[in-house]
Amino acid sequence: MRSPAVLQLIMDSLRYWATEMHVDGFRFDLASTLARQFHEVDKLSAFFDIIHQDPILSQLKLIAEPWDVGEGGYNVGEFPALWSEWNGKYRDTVRDFWRGEPSTLGEFAARITGSSDLYQRSGRTPVASVNFVTAHDGFTLHDLVSYNEKHNEANGEGGADGASDNRSWNCGAEGPTDDSDVLTLRGRQVRNFIATLMFSQGVPMICHGDELGRTQGGNNNGYCQDNEITWINWDLTEEQEDLLEFTCDMIRLRKQHPVLRRRRFFTGEAGHGGESELGEIEWLSPSGARMTDEDWDTWYARAMTVFLNGNAIHEPDERGQRITDDSFLALFNASGEDIVFTLPGPDHSPRWRTVLDTAPRTAPRPEQVATGSGEEWEAGQEVTVEGHSMLFLISIPEPEPATPQAAAEAAPADGAAAAEPVESAVPEPVESTGTVAGQAGDTA
């Protein structure tokens, strides 16, 4: 990248694609390479300077894969302003959390709240974090929960290609199986990953095919395969149809609620999930009490409740108006055992309604995600969250008391007969269309 001719070629090519082909952004593969003017990665390289001063390119979406194969090439969180990044730390942490690895609670909290520890110091916002669990390299989401080891024999390199550290868990059997318990757990884990992505602050990225349950048979380096290993099978099973509908409804839920896609970081420390005195977010133990430093430092802890306060969004919308939303509770249980959670008191919400349960006895329940028609719970009530599952609740506000004027208007006039009671008509439930939303309400 030291040559002026090379830089000019790159910039001319990017401008051509933007002005003539009308692309709205670029994702740069192995982007750390672009910052190598000499041997080391230079965050102030000429490439970044030219991009930032260019009146066309500086207005586009610029997404970096922030690593390369050279020394010092792993640079997650190190790119300058205007850039979003594939958040590899998010991928690794979320995989570890849901497969039950210890000592991940604080790191998990930092990642699902937008990774302010990585991006805020450079003046960036949560959209700098492109959150993902799988990508075109590595296991598909189906294979992530089906294989402990890569199976790349078809690539002809004796298994030497592809990463060996996949942070995967096969849920009790390697590859295809008829064990119903294993299959049930795998389906639950897939839903856990998708739901976590949609709950996280930042920009969610789902690898195409994961919403369909696509498998590569354990091959985690399928770039050289143009056959059934990497092709999409559009003849979906009933389970794959359910997963597609579940994914669509999770995207729809995210788009409908700005509290799930904030434009600014939470004000608190990233390692404690952004919690602060502003009350934007709270982290609770399964007992319903606020998490203490001891709770955060407990190496074996794999369960907690997250409260997102829809009345404490301290950022305006595009027109400068105050944003308010419903509040949410997310109950995470990454352990293998069922855990009884106590919901917080009525100061958070008097009642709650289930909109998502990834556990097998009720999942995927897409109609509840779409309509919020799930089971209702009182403040302070105990709720059992099954092992390796996630429960998502939305607040039900108390009805506003009727004013004296409204009561007078509702009362019958003197001498008028009271109306005969009639049976209310209950509308038919609306069936989800199952249409995938394009960007889940986020832009990088």
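This is a predicted model: local features need pLDDT of at least 70, side-chain atom pairs count only at pLDDT 80 or more; totals for chains, interfaces and linings use all residues.
**The antiparallel sheet**

Another open sheet has six strands, with the order E6-E7-E8-E13-E10-E11 and antiparallel pairing. Its edges are strand E6 (281-284) and strand E11 (376-378), each of which has a single partner strand, so one side of each is left without a neighbour in the sheet. From one strand to the next, the twist averages 25°. Strand E10 (residues 351-357) and strand E13 (residues 389-396) pair in the antiparallel sense over six bridges, and Thr354 stands opposite Leu393 in E13. Helix H3 (residues 88-98) lies across strand E7 (303-308), strand E8 (328-333) and E13, and it runs at about 65° to E8.

**Aromatic rings**

How many aromatic pairs does the model contain? The count comes to 22 aromatic pairs. In one of them, the rings of Phe26 and Phe28 have their centres 6.2 Å apart and their planes at 50°; since planes under 30 degrees apart would count as stacked and over 60 as edge-to-face, the pair is tilted. Both Phe26 and Phe28 are buried. Another tilted pair is formed by Phe47 and Trp83. The values for these two pairs are set out here.

| Aromatic pair | Centre to centre | Angle between planes |
|---|---|---|
| Phe26 and Phe28 | 6.2 Å | 50° |
| Phe47 and Trp83 | 6.2 Å | 50° |

Phe47 lies in helix H2 (residues 46-53) and Trp83 in strand E3 (residues 83-86), so their pair ties together parts that are 36 residues apart in sequence. Phe47 counts as buried because its relative accessibility is 1%, and Trp83 is also buried, with a relative accessible area of 1%.

Elsewhere, Phe97, Trp98, Phe108, Phe199, Phe328, Phe332 and Phe392 form one aromatic cluster. A ring can also have a charged side chain over it, as with Arg27, which lies over the face of Trp86 at 4.1 Å from the ring centre.

**Two buried residues with polar side chains**

Glu282 has its place in strand E6, and the residue is buried, with a relative accessible area of 13%. Which residue does the side chain of Glu282 meet in a polar contact? The partner is His348, whose side chain makes this contact with the side chain of Glu282 at 2.8 Å. If neighbours within four places in sequence are left aside, Glu282 is in contact with Glu275, Arg290, Thr305, Val306, Phe307 and His348.

Gln189 lies in helix H7 (residues 180-199). Is Gln189 buried or exposed? Its relative accessible area is 2%, and because buried means under 20%, Gln189 is buried. Not counting residues up to four places away in sequence, Gln189 touches Trp98, Arg99, Val145, Trp169, Cys171 and His388. One of these residues, Trp98, also belongs to the aromatic cluster.

Technical notes
Residues are numbered from 1 along each chain as its sequence is written. Side-chain values use heavy atoms; hydrogens and water are left out. Rings of Phe, Tyr and Trp (its six-membered ring) pair if their centres lie within 6.5 Å; planes under 30 degrees apart count as stacked, over 60 as edge-to-face and the rest as tilted. Buried means under 20% relative accessible area, exposed over 50%, partly exposed in between (1.4 Å probe, protein chains only). Helices (H or I, at least four residues) and strands (E, at least two) are DSSP runs, numbered from the N terminus. A charge sits over a ring if NZ of Lys or CZ of Arg is within 6 Å of the ring centre and within 35 degrees of the ring normal. Two strands pair if DSSP finds at least two bridges between them. Axes are lines fitted to C-alpha atoms, for helices over the stretch in contact, and angles run from 0 to 180 degrees between N-to-C directions. Contact means heavy atoms within 4.5 Å. A polar contact is a pair of N or O atoms within 3.5 Å; within protein, one must be able to donate a hydrogen and the other to accept it, and residues adjacent in sequence count only if both atoms are side-chain atoms.
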